[in-house]
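Have the model open as you read.

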Amino acid sequence: MAQKTLKDLARDMRGIDLCMFATHTSHGHIAQRPMSNNGEVEYDGNSYFFTWKDSRTVQDIEKDAKVSLGFQGKGGLFVAVEGRATVTEHRPTMQPHWTPDLGQWFEQGLDTPGLCMIRVEALRIAYWQNGDEGEIKP
């Protein structure tokens, strides 16, 4: 089967809400946690997540920005992303990525004290789907 393009993969990933987000801890361990990818985004090699500035996730990223994301989609799709994470509290940067569903965790919306956004820029993307597999370098 032909190699998927980033656009093909974005189409296949549409609607995936949750992923496993992995960081490296200060003690050399790998920590994983489920995080919402906001489901209805058009994947372009960047992923965005909202969390608390004082969270373990942010502490890990401040020590080591290398992270990985694991997605499982419909039709036997699995996606592994290796990327570099950055954290921002800049409201104009966060605004385009905010969705009303996030209010269940952050009741004051973008005005929630301690709110921040993590951006993961993909460096490598691997995928597997029904016997097809490949790698995309964004």
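Is Arg-91 buried, partly exposed or exposed? Arg-91 has a relative accessible area of 39%, so it counts as partly exposed. Keep in mind that this is a predicted model.

Now look at the partner. Arg-91 makes a salt bridge with Asp-111, and the closest N and O atoms sit 2.2 Å apart. This pair ties together distant parts of the chain: Arg-91 belongs to helix H3 (residues 91-94), while Asp-111 lies in the loop between H3 and strand S6 (115-129), 20 residues apart. Asp-111 has a relative accessible area of 51%, and because exposed means over 50%, Asp-111 is exposed.

Next, go to Asp-60, which has two arginine partners to look at. One is Arg-33, joined to Asp-60 by a salt bridge at 3.5 Å, N to O. Here again distant parts of the chain are linked, with Asp-60 in helix H2 (residues 56-63) and Arg-33 in strand S2 (residues 30-36), 27 residues apart. Both Asp-60 and Arg-33 are buried; for Asp-60, that is because its relative accessibility is 2%.

The other partner is Arg-56, whose side chain meets that of Asp-60 in a salt bridge at 3.0 Å, N to O. Arg-56 and Asp-60 are 4 residues apart in helix H2, so about one helical turn separates them. Arg-56 has 43% relative accessibility and therefore counts as partly exposed.

Finally, find Lys-4, Asp-8, Arg-11 and Asp-12, which are connected in a network of salt bridges. The total count for the model is 9 salt bridges.

Notes. Residues are numbered from 1 along each chain as its sequence is written. This is a predicted model: local features need pLDDT of at least 70, side-chain atom pairs count only at pLDDT 80 or more; totals for chains, interfaces and linings use all residues. Side-chain values use heavy atoms; hydrogens and water are left out. A salt bridge is a side-chain nitrogen of Lys or Arg within 4 Å of a carboxyl oxygen of Asp or Glu. Helices (H or I, at least four residues) and strands (E, at least two) are DSSP runs, numbered from the N terminus. Buried means under 20% relative accessible area, exposed over 50%, partly exposed in between (1.4 Å probe, protein chains only).
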